[in-house]
Amino acid sequence: MLTAVKNQVRVCALSVKYNIMREMLNKVTFVTNILFMMLNNATFIVQWVILLRLRDDVGGYTMREVMLLWGLAASSFGLSRVLFARVFSLPELIINGKLDSYLVQPKNVLLSVMTSETNISAIGDLLYGLLLICIFCFSVSRFLLFILFTVTGAVIMTAFALLLGSLSFWFVRSEAFANHMVGSAVSFATYPDGIFKGTARFLLYNVIPVGMAVYHPVHIMTQFDAAKMLAVLGYLALLSALAVFVFYRGLRRYTSSSLMGARM
């Protein structure tokens, strides 16, 4: 059992490695995509610098918390797109019958799909997040927590995208809904949770997983709370299990297409 798991992880790691190496064939484009993504993210710092000069905090967040928020949101989203970019286009594979080539491969179908594509510009998001934590609020303990929550945030965002994408096994028009929900999660993750009240706050902590992917981790990094830590890890486990269950349940309904193609 352990050997099988180890082999699957090794195959997935190699898949991601070769995806990145393939993108690096054009080194200028590779580096440019990363740098421009970092520059694009950095432009928002100006907005927050100006805003926080006009008032002491926004939703209870000072400049330090805002940078933690932006850094964690960027790095979590970046890591999920670097490792599991294909999950975010899962509805297209299902609707167009493009899962066929994954079903005939001698490895786990879900892992094969998840690691079959890498978004290179997302490396810029990941590096940007790490740069923010080092510049604005570095400490060894906070940096270690940041690395941990980058991983948990990436897994939560990936599981959320997988869960919504898998709805395409049942509903053909669910692609737009899935893209909108995932996009909303990324957008909300860059604003302090203190500005959201009532229904909006409930949705962000219970429906759209921004609360567990970003908000709770930021609070933990500023003031450690073991209960919130357990809540994040428990939510990650439950959402991941649900997403995997729904994917394989839907896979039973998948109808093979007449498309002829193979992945090398």
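Reader: Let's start with one residue. Which helix is Trp 70 found in?

Author: Trp 70 sits in helix α3. Keep in mind that we're looking at a predicted model.

Reader: Okay. Is Trp 70 buried or exposed?

Author: Read that off the relative accessibility, with under 20% as the cut-off for buried. Trp 70 comes out at 10%, so the residue counts as buried.

Reader: And what does Trp 70 contact, leaving aside its neighbours within four places in sequence?

Author: Asn 41, Phe 44, Trp 48, Tyr 128, Leu 132 and Thr 190. Take Phe 44 from that set: Phe 44 and Trp 70 are 26 residues apart along the chain, and their C-alpha atoms are separated by 9.2 Å.

Reader: How many residues does α7 have, and what does it reach from its first C-alpha to its last?

Author: Helix α7 runs over residues 121-136, which is 16 residues, and reaches 23 Å, close to the 22 Å expected at 1.5 Å a residue.

Reader: Now pockets. What's the general idea?

Author: Rolling a probe the size of a water molecule over the atoms shows where empty space is left. In this model, the largest pocket has a volume of about 400 Å³.

Reader: Which residues lie nearest the centre of the largest pocket?

Author: Our friend Trp 70 is one, together with Ala 73, Val 186, Ser 187 and Thr 190, out of 23 lining residues. By class, the lining has 14 nonpolar, eight polar and one charged residues.

Reader: Which helices each supply at least two residues of that lining?

Author: That would be α2, α3, α8, α9 and α11.

Reader: Let's take α11, then. What span should its 13 residues have at 1.5 Å a residue?

Author: Residues 210-222 should span 18 Å, and the end C-alpha atoms of α11 are 17 Å apart, which agrees. Check the local direction too: α11 has a kink of about 25 degrees at His 216, shortly before the proline Pro 217.

Reader: How many of the residues of α11 are buried?

Author: Twelve of its 13, so the helix is mostly covered. His 216 and Pro 217 are both among the buried ones, as are Val 210, Tyr 215 and Met 221. The covering elements include α3, α8, α9, α10 and α12.

Reader: What about the loops? Where does Ile 208 lie?

Author: Ile 208 is in the loop between α10 and α11. With a relative accessible area of 8%, Ile 208 is buried. Not counting residues up to four places away in sequence, Ile 208 touches Phe 160, Met 181, Ser 184, Ala 185, Phe 188 and Leu 203. Met 181 and Ile 208 are 27 residues apart in sequence, with 7.4 Å between their C-alpha atoms.

Reader: And which loop holds Ser 166?

Author: The one between α8 and α9. Ser 166 has a relative accessible area of 0%, so it is buried. Leaving aside neighbours within four places, Ser 166 is in contact with Leu 90, Ile 94, Val 246 and Phe 247. Its C-alpha is also 7.9 Å from that of Ala 243, 77 residues apart along the chain.

Reader: Back to α3 for a last one. How is Met 63 classed by relative accessibility?

Author: Met 63, which lies in α3, has 23% relative accessibility and so counts as partly exposed. Not counting residues up to four places away, Met 63 touches Ile 45, Trp 48, Val 49 and Leu 52.

Reader: How far apart in space are Met 63 and Gly 250?

Author: They're 44 Å apart, C-alpha to C-alpha, and 187 residues apart in sequence.

Terms used
Residues numbered from 1 in each chain as written. Predicted model: local features only at pLDDT ≥ 70, side-chain atom pairs only at ≥ 80, totals over all residues. Heavy atoms only, no water. Helix = DSSP H or I, 4+ residues; strand = E, 2+ residues; numbered from the N terminus. Expected span 1.5 Å × (residues − 1). Bend = angle between axes of the 7 residues up to and from the residue. Buried < 20%, exposed > 50% of the residue type's maximum accessible area, 1.4 Å probe, protein only. Contact = heavy atoms within 4.5 Å. 1 Å grid on protein atoms, 1.4 Å probe; cavity = no way out; pocket = protein on both sides within 12 Å on 5 of 7 lines; lining within 4 Å. Points joined across faces, edges and corners; volume = space filled by probe spheres on them. Nonpolar A, V, L, I, M, F, W, Y, C, P; charged D, E, K, R; others polar.
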